[in-house]
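Here is a short walk through one protein chain. Keep the sequence and the 3D view side by side as you read.

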Amino acid sequence: MKTDYCYCSGVCCPIKKQCKRYLPDPPDAYLWWVAPEYNEETQKCQNFDSTNNLKSNNNE
């Protein structure tokens, strides 16, 4: 079982709606936050993990 509890605080990130690391309404609990790593030149984020990948990771 893979468990990843890192969440991104990238409020202004352009790919936040596709990323499982961004929480629009975080719970009232201690979370592990990572800094946004979005690069405008490559239009990618090194922390990006799409919500589609989250579904397949839960099946492992």
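Of the chain's 60 residues, 25% count as buried. Buried means under 20% relative accessible area, exposed means over 50%, and partly exposed lies in between, with a 1.4 Å probe and protein chains only. The chain exposes about 5,000 Å², and carbon and sulfur atoms supply 50% of that area. Accessible areas come from the Shrake-Rupley method with a 1.4 Å probe; for residues, only the protein chains shown count as cover.

This is a predicted model, in which local features need pLDDT of at least 70, side-chain atom pairs count only at pLDDT 80 or more, and totals for chains, interfaces and linings use all residues. Residues are numbered from 1 along each chain as its sequence is written, and side-chain values use heavy atoms, with hydrogens and water left out.

Now the fold. The chain has one helix and four strands. Their order along the sequence is β-β-β-β-α. Both kinds of element are DSSP runs numbered from the N terminus: helices are H or I with at least four residues, strands E with at least two. Among contacts with a separation of 6 or more, 58% join residues 24 or more positions apart. Contact means heavy atoms within 4.5 Å.

A cavity is a set of points on a 1 Å grid, over the protein atoms alone, where a 1.4 Å probe fits but cannot get out; lining residues have an atom within 4 Å of a point. The largest cavity has a volume of about 60 Å³. Volume here is the space filled by probe spheres set on the points, which are joined across faces, edges and corners. Its lining includes Cys8, Cys13, Cys19, Cys45 and Asn47. By class, the lining divides into six nonpolar, two polar and two charged residues. Ala, Val, Leu, Ile, Met, Phe, Trp, Tyr, Cys and Pro count as nonpolar, Asp, Glu, Lys and Arg as charged, and the others, Gly among them, as polar.

Asn47 sits in the loop between strand 4 (44–45) and helix 1 (51–58). Asn47 is buried, at 16% relative accessible area. Beyond its neighbours within four places in sequence, Asn47 contacts Cys19, Arg21, Val34, Ala35 and Glu37.

How many disulfides are there? The count is zero. A disulfide is a pair of cysteine sulfur atoms within 2.5 Å. Cys19 is buried, at 10%. The closest cysteine sulfur to that of Cys19 is in Cys45, 6.2 Å away, so it is too far for a bond. Cys6 is partly exposed, at 22%.

How values were computed. 1 Å grid on protein atoms, 1.4 Å probe; cavity = no way out; pocket = protein on both sides within 12 Å on 5 of 7 lines; lining within 4 Å.
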